[in-house]
Amino acid sequence: MAKITNGNESPFHRLQRELGDRISAAEPGEQLPPEPELARQMGVSRSTLREAMRSFEAQGLLMRRQGAGTFVVDKTDVFETGLEVLESLETIAERSGLQISMGGLDIMEFSADDEIAEIFDAPIGSKMVSVTRVINAKGRAAAYLQDILPAEILAKHDLDDNFSGSILDLLIKREDISLGSSHTEIKAEAATSTVARALHIQRGDVLLLLEADLTTDKGKIIDHSYSYFLPGYFRLFVNRRIGII
């Protein structure tokens with residue numbers, strides 16, 4: 001059956017649709033034609049083609065390799081998990097057989113401003129620690145993570161050379177902390193310049209953001225986190241029961 005298209009479709013949206021169809025029909029790992037040839041085939045300029053391809057790179061559907069070309073990403077190599085149970089990316093990857101690594105680790109101590117103090121119900125100026133890092137999947141940056149914690153919960157020197165990237169796993173192993181639950185907000189967010197640079201995407205590209213507060217069993221917030229995910233690398237779902245009227 002012929003695909004129904006919008007007669008008012010802009011040339012750029014047409015390009016995105018046709019490029020998306022081409023990616024969907026390609027085999028995992030298949031190399032796209034060189035940019036000049038692909039632009040000629042699709043009837044657009046190279047600059048327009050690059051702009052369209054960037055959105056597919058941000059979704060994790062294309063991977064550009066310097067000096068080699070652009071390749072279709074294996075669609076089976078994704079983080080697939082339900083959100084009912086809080087787990088680290090490392091745990092999900094191990095269960096799924098995915099190979100991941102950490103890069104771009106940055107640990108910073110700072111004093112809480114009004115906003116951070118309110119989140120943690122702490123005095124302004126309290127000593128805090130921020131831990132940011134990039135998680136790579138198959139050699140491609142797939143997630144940008146930031147955790148903010150009170151320094152008495154996690155000090156800079158607590159992160160040794162064996163730190164793999166998961167603050168959650170570190171806290172789970174702690175015998176002096178009993179974790180309770182995590183309140184998580186899920187939303188789409190445009191990449192800031194910092195996040196875009198870390199993930200090698202364009203500023204403004206849309207990412208999946210999970211902003212969460214992790215509490216102890218007493219309800220005290222001990223970790224406020226931001227997890228930015230490239231949509232094409234993550235398939236998240238929730239099992240919901242039917243409400244009773």
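Mentor: One term before we start: buried means under 20% relative accessible area, exposed over 50%, and partly exposed in between, with a 1.4 Å probe and protein chains only. This is a predicted model, so local features need pLDDT of at least 70 and side-chain atom pairs count only at pLDDT 80 or more, while totals for chains, interfaces and linings use all residues. Residues are numbered from 1 along each chain as its sequence is written, and side-chain values use heavy atoms, with hydrogens and water left out.
Trainee: OK, threonine 132: buried or exposed?
Mentor: Threonine 132 counts as buried because its relative accessibility is 8%.
Trainee: And which strand is threonine 132 in?
Mentor: Strand S5, residues 127-137. Strands here are DSSP runs (E, at least two residues) and helices are too (H or I, at least four), numbered from the N terminus.
Trainee: What is threonine 132 in contact with?
Mentor: Leaving aside neighbours within four places in sequence, Gly104, Leu105, Asp106, Tyr144, Leu145 and Gln146. Contact is heavy atoms within 4.5 Å.
Trainee: Which residue of S6 is the bridge partner of threonine 132?
Mentor: Glutamine 146. S5 and S6 (residues 140-150) run antiparallel, joined by 10 bridges; two strands pair if DSSP finds at least two bridges between them.
Trainee: Zooming out, what's the strand order in the sheet?
Mentor: S4-S5-S6-S9-S8-S7, an open sheet of six strands with antiparallel pairing. S4 (100-111) and S7 (179-190) are at the edges with a single partner strand each, so one side of each has no neighbour in the sheet.
Trainee: New topic. Which helix packs on the sheet?
Mentor: Helix H4 (residues 89-96) does, touching S4, S5, S6 and strand S9 (221-229). The direction of H4 makes about 170° with that of S4; axes are lines fitted to C-alpha atoms, for helices over the stretch in contact, and angles between N-to-C directions run from 0 to 180 degrees.
Trainee: Which residues of H4 are buried?
Mentor: Leu89, Glu90, Ile92 and Ala93. They sit on the same side of H4, because they cover an arc of only 165° around the axis, taken from the directions from the helix axis to the C-beta atoms.
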